[in-house]
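Student: Please give me a close look at one part of this model. Show how it connects to its surroundings.

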Amino acid sequence: MAFQHMSNDKALSVRGLDVVYNNAVTALSGVSMKVDPGQFVAVLGANGAGKTTLVRAITGLLFIHGGAVREGAISFGDTRIDPEGVGGTVQLGISQVPEGRMIFPRLSVEENLLCGASRRKRGPEVDADISRMFEIFPNLASRRKDTAGLLSGGEQQMLAVGRALMGAPQLIICDELSLGLAPMIVKDLFELLKDLNQEGGISVLVIEQNARIALENSDYGYVLETGRVAIEGPSAELRADKHVQEFYLGGAGDAKEAYEAVVARYRRDPK
Ligand SMILES: Nc1ncnc2c1ncn2[C@@H]1O[C@H](COP(=O)(O)OP(=O)(O)OP(=O)(O)O)[C@@H](O)[C@H]1O
Ligand SMILES: [Mg+2]
């Protein structure tokens, strides 16, 4: 699938961010990270590390959850976005695929896609993009009039990605894209993100517990541990990092060797 290369010149920059929930729980402390235009960045971390909090801060949704930015700043291009609400960030070209997909279950597949384009004027361009989404996700094409709540988990995630793309974003943020999905679907979705990134020029920020797939596809990664950036670096370097291997890749080398040994042992001899 070819994607038209869009102009993209805005960097996302998070500087020294502290976030507190209910004036009591500190979820992020001094977090600095960035996504350069056209870059594919991964944020990794265990449960409760603060990954979703970071997404909420970027998209202006903290207040819904009783959270607030205490210190620091977030900007997209030249614009400070930490004081903005979610409408503001969508308007600036940031779309998100939220944790848990959050599609609108009672609306049809097509209506969900249209919701993603709400900042754009309905017209031939939006209609063409809807057709494009059905080319990218043929599974959704045959279900376009169906109620979205009836889709499988994988199809709902595709719909959530399609809805985000309908906002014609310069930056797409995906929170736990892989959660609860079959490995093949996860692989396909990451390949799609890679295409959007490389051919479409869209910046990508993935928030993932699945460190392996995130580091295989990204250029640069950050590891969050209890609200702080513990490690950062080019993804290839993080894959080789002992700490990352032990805690986030599940002792990658050993597991792979053990698996290959089992396969070799049980593989039938062709002779
Ligand atoms: N609405 C909230 N009110 C109070 N505390 C919260 C709220 N949301 C998150 N927290 C706390 O903030 C910290 C970070 O949570 P967050 O959801 O950002 O983690 P996460 O890395 O996304 O975890 P997961 O992998 O489970 O999605 C946790 O200690 C969590 O309990
Ligand atoms: Mg989360």
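Tutor: Helix 3 and helix 6 cross in a right-handed way. Helices here are DSSP runs of H or I with at least four residues, strands are runs of E with at least two, and both are numbered from the N terminus. This is a predicted model, where local features need pLDDT of at least 70, side-chain atom pairs count only at pLDDT 80 or more, and totals for chains, interfaces and linings use all residues. Residues are numbered from 1 along each chain as its sequence is written, chains are lettered from A and ligands numbered from 1 in the order written, and side-chain values use heavy atoms, without hydrogens or water.

Now the geometry of the pair. Helix 3 spans residues 109-116, and helix 6 spans residues 153-165. Their axes lie 6 Å apart, at an angle of about 35°. Each axis is a line fitted to C-alpha atoms over the stretch in contact, and angles run from 0 to 180 degrees between N-to-C directions. From helix 3, the meeting residues are Val109, Asn112, Leu113 and Gly116. Helix 6 brings Leu159, Gly162 and Arg163. By type, the contact holds three nonpolar residues, three polar and one charged. Gly counts as polar in this scheme. Contact means heavy atoms within 4.5 Å.

Which residues of helix 3 are buried? They are Val109, Glu110, Asn112, Leu113 and Gly116. Buried means under 20% relative accessible area, exposed over 50%, and partly exposed in between, with a 1.4 Å probe and protein chains only. Viewed down the axis of helix 3, the buried residues fall within an arc of 160°, so they line one face of the helix. The arc is taken from the directions between the helix axis and the C-beta atoms. Their cover includes helix 4 (124-136), helix 5 (138-141) and helix 6.

Next, the loop between strand 6 and helix 3. Arg101 sits there. Arg101 has a positive phi of about 70°, although it is not a glycine. Arg101 counts as buried because its relative accessibility is 16%.

Thr52 (OG1) and Glu99 (OE) coordinate the magnesium ion, ligand 2, at 1.9 to 2.4 Å. The two come from distant parts of the chain, 47 residues apart: Thr52 is in helix 1 (residues 51-59), and Glu99 is in the loop between strand 6 (94-97) and helix 3. Donors are N, O and S atoms within 2.8 Å of the metal (3.2 Å for Na, K and Ca); water is not among the atoms, so sites may look incomplete. Thr52 has 17% relative accessibility, so Thr52 counts as buried. Glu99 is at 34%, and therefore partly exposed.

Leu177 lies in the loop between strand 7 (171-175) and helix 7 (183-198). At 2% relative accessibility, Leu177 is buried. Neighbours within four places in sequence aside, Leu177 touches Val97, Gln157, Val161, Leu189, Phe190, Leu193, Ile207 and Glu208.

For contrast, take a residue in another loop. Asn23 belongs to the loop between strand 1 (12-21) and strand 2 (25-35). Its phi is positive, about 55°, and Asn23 is not a glycine. Asn23 is exposed, at 66% relative accessibility.

Finally, the whole protein. There are eleven helices and ten strands. Buried residues make up 48% of the 271 residues. Among contacts with a separation of 6 or more, 69% join residues 24 or more positions apart.

Conventions. Left-handed = near helix turned anticlockwise from the far one by under 90°.
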